[in-house]
Amino acid sequence: MKSTTSYRAPLFGVLALAAALAACSKHDDERTAGQKLDGAIAEAKQAGAEAKAEAGQAMDKAETKLKDASASASEAVSDATIVTKINAALLADDRLKATKIEVRAEEGRVTLTGTAPDAGSQARATTLAQAVTGVRSVDNQLVVARNG
């Protein structure tokens, strides 16, 4: 026959567990376990929806940044192409090929600096630069060389 002490130990354990569970639950929460589970599921769904919305916003921001970076790269390539084409046009011109004209482009705005042999050549440099696709404006800062 077992002693009463051996029965009391498991009984005390079960009572302690029940007391701990009762202490953990809110005293004024009279919802059933099913209602509590439904509430927890609803909260999890809401948190998931919020996380999904935040992820969508982050993707939108990343897409915008990628488009901006692509546009900047395209502008840089376009400006480099503009400079190359203007330099080729200047080299192909008999009066301007021997001159040192620096061509710079930024967002399609071209600046010409250096020396032109005469006023006609100075104007011709502007005309050649304006003929290149992608050029928005030309700032001709060429100085006419003095023959003396």
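Trainee: What should I keep in mind about the model and its numbering?

Mentor: This is a predicted model, where local features need pLDDT of at least 70 and side-chain atom pairs count only at pLDDT 80 or more, while totals for chains, interfaces and linings use all residues. Residues are numbered from 1 along each chain as its sequence is written, and side-chain values use heavy atoms, with hydrogens and water left out.

Trainee: How do you know that the span of helix α3 agrees with its number of residues?

Mentor: Helices are DSSP runs of H or I with at least four residues, strands are runs of E with at least two, and both are numbered from the N terminus. The expected span is 1.5 Å times one less than the number of residues. Helix α3 covers residues 119-130, which is 12 residues, so it should span 16 Å. Its end C-alpha atoms are 17 Å apart, which agrees.

Trainee: What makes S121 buried or exposed?

Mentor: Buried means under 20% relative accessible area, exposed means over 50%, and partly exposed lies in between (1.4 Å probe, protein chains only). S121 has 2%, so it is buried. It sits in helix α3.

Trainee: Which residues of α3 are buried, and where do they fall around its axis?

Mentor: They are S121, A125, T126, L128 and A129. An α-helix has 3.6 residues a turn, so residues three or four places apart point the same way.

Trainee: What makes the S121 and R95 pair a polar contact?

Mentor: The rule asks for a pair of N or O atoms within 3.5 Å; within protein, one must be able to donate a hydrogen and the other to accept it, and residues adjacent in sequence count only if both atoms are side-chain atoms. The side chains of S121 and R95 are joined at 3.3 Å, so the pair meets the cut-off. Contact in general means heavy atoms within 4.5 Å. Not counting residues up to four places away in sequence, S121 touches R95, L96 and A116.

Trainee: Why is the R95 and D118 pair called a salt bridge?

Mentor: A salt bridge needs a side-chain nitrogen of Lys or Arg within 4 Å of a carboxyl oxygen of Asp or Glu. R95 and D118 meet at 2.0 Å, N to O, so they qualify. R95 is in the loop between α2 and β1, D118 in the loop between β2 and α3, 23 residues apart. D118 also has a side-chain oxygen within 3.1 Å of the backbone nitrogen of G120, at the start of α3.

Trainee: How many salt bridges does the rule give?

Mentor: The count is 6. Among them is E107 with R109, at 3.2 Å. E107 is partly exposed at 32%, and R109 is partly exposed at 41%. E107 lies in the loop between β1 and β2, with a positive phi near 55°.

Trainee: What makes a nonpolar core, and which residues have the most contacts inside the largest?

Mentor: A nonpolar core is a set of buried Ala, Val, Leu, Ile, Met, Phe, Trp, Tyr and Cys residues joined through side-chain atoms within 4.5 Å. The largest has 17 residues, and those with the most contacts inside it are I86, L90, I101, V103, V110 and L112. Two or more residues each come from α2, β1, β2 and α3. Helix α2 gives the most, with 4.
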